[in-house]
Amino acid sequence: MHKMRKLINVLVAFVVLFTNVFCVSAAQDNEAYIEKYYKIAMREMNDYGIPASITLAQGILESAAGTSRLAVKANNHFGIKCHNDWSGERIYHDDDKNNECFRKYEHAEESFVDHSQFLKDRARYSFL
């Protein structure tokens, strides 16, 4: 019984340590993302009225703070799919379905602008 309790204590300590390291790392990634993109988000707020905090929060969630495959390979920080009207470059990625078409941008800034336009122009988001 004593050995089992000791093993449980060691496992609990490991989980606590791992959780703390992961949370600190995630916070640092989020801070770095904000530092890198806040000027773009602020400009989009001024141009479209979408709070920069909302844009940055969604970018962090959708792109894993800029580390997702779509963000790295396609500069797509918001998971915007091709849709029928997209004539630009494309990348294919598994999402709701296998091998879905996503927009590919030359620069991350284009993804932020597209995100703002999506929220402003699409009927699906008009209630926001």
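A surface patch is made of residues with over 30% relative accessible area and no salt bridge, and nonpolar side chains are joined into one within 5 Å. In this predicted model, Ile34, Tyr38 and Met42 make a nonpolar surface patch of about 240 Å².

**Surface patch**
- Ile34, one of the residues in the patch, has its place in helix α1, which covers residues 2–48.
- The relative accessible area of Ile34 is 36%, so this residue is partly exposed.

**Nonpolar core**
- The largest nonpolar core has 17 residues, and those touching the most other members are Tyr33, Tyr37, Leu56, Ile80 and Phe112.
- At least two residues of this core come from each of α1, α2 (52–63) and α4 (108–121).
- Helix α1 gives the largest share of the core, with four residues.
- Leaving aside residues up to four places away in sequence, Ile80 touches Phe102, Arg103, Tyr105, Ser111, Asp114, His115 and Phe118.

**Aromatic pairs: Tyr33 and Tyr37**
- A pair of aromatic rings is described by the distance of the centres and the angle of the planes.
- The model has four aromatic pairs by this rule.
- In one of them, the ring centres of Tyr33 and Tyr37 are 4.8 Å apart and the planes are at 50°, so the pair is tilted.
- Buried means under 20% relative accessible area.
- Tyr33 counts as buried because its relative accessibility is 2%, and Tyr37 counts as buried because its relative accessibility is 10%.

**Aromatic pairs: Trp86 and Tyr105**
- The aromatic pair of Trp86 and Tyr105 is edge-to-face, with 5.7 Å from centre to centre and 65° between the planes.
- This pair links distant parts of the chain, as the two residues are 19 residues apart.
- Trp86 sits in the loop between α3 (69–74) and β1 (90–93), whereas Tyr105 sits in the loop between β2 (100–103) and α4.
- Trp86 and Tyr105 are both buried.
- Tyr105 is also among the residues that Ile80 touches.

**Ring cluster**
- Tyr33, Tyr37, Phe78 and Phe112 are linked into a cluster by ring pairs.
- Three residues named here, Tyr33, Tyr37 and Phe112, are also among the core residues that touch the most other members.

Note on methods. Residues are numbered from 1 along each chain as its sequence is written. This is a predicted model: local features need pLDDT of at least 70, side-chain atom pairs count only at pLDDT 80 or more; totals for chains, interfaces and linings use all residues. Side-chain values use heavy atoms; hydrogens and water are left out. Patches are made of residues with over 30% relative accessible area and no salt bridge: like charges are joined within 9 Å, nonpolar side chains (Val, Leu, Ile, Met, Phe, Trp, Tyr) within 5 Å. Accessible areas come from the Shrake-Rupley method with a 1.4 Å probe; for residues, only the protein chains shown count as cover. A salt bridge is a side-chain nitrogen of Lys or Arg within 4 Å of a carboxyl oxygen of Asp or Glu. Buried means under 20% relative accessible area, exposed over 50%, partly exposed in between (1.4 Å probe, protein chains only). A nonpolar core is a set of buried Ala, Val, Leu, Ile, Met, Phe, Trp, Tyr and Cys residues joined through side-chain atoms within 4.5 Å. Contact means heavy atoms within 4.5 Å. Rings of Phe, Tyr and Trp (its six-membered ring) pair if their centres lie within 6.5 Å; planes under 30 degrees apart count as stacked, over 60 as edge-to-face and the rest as tilted.
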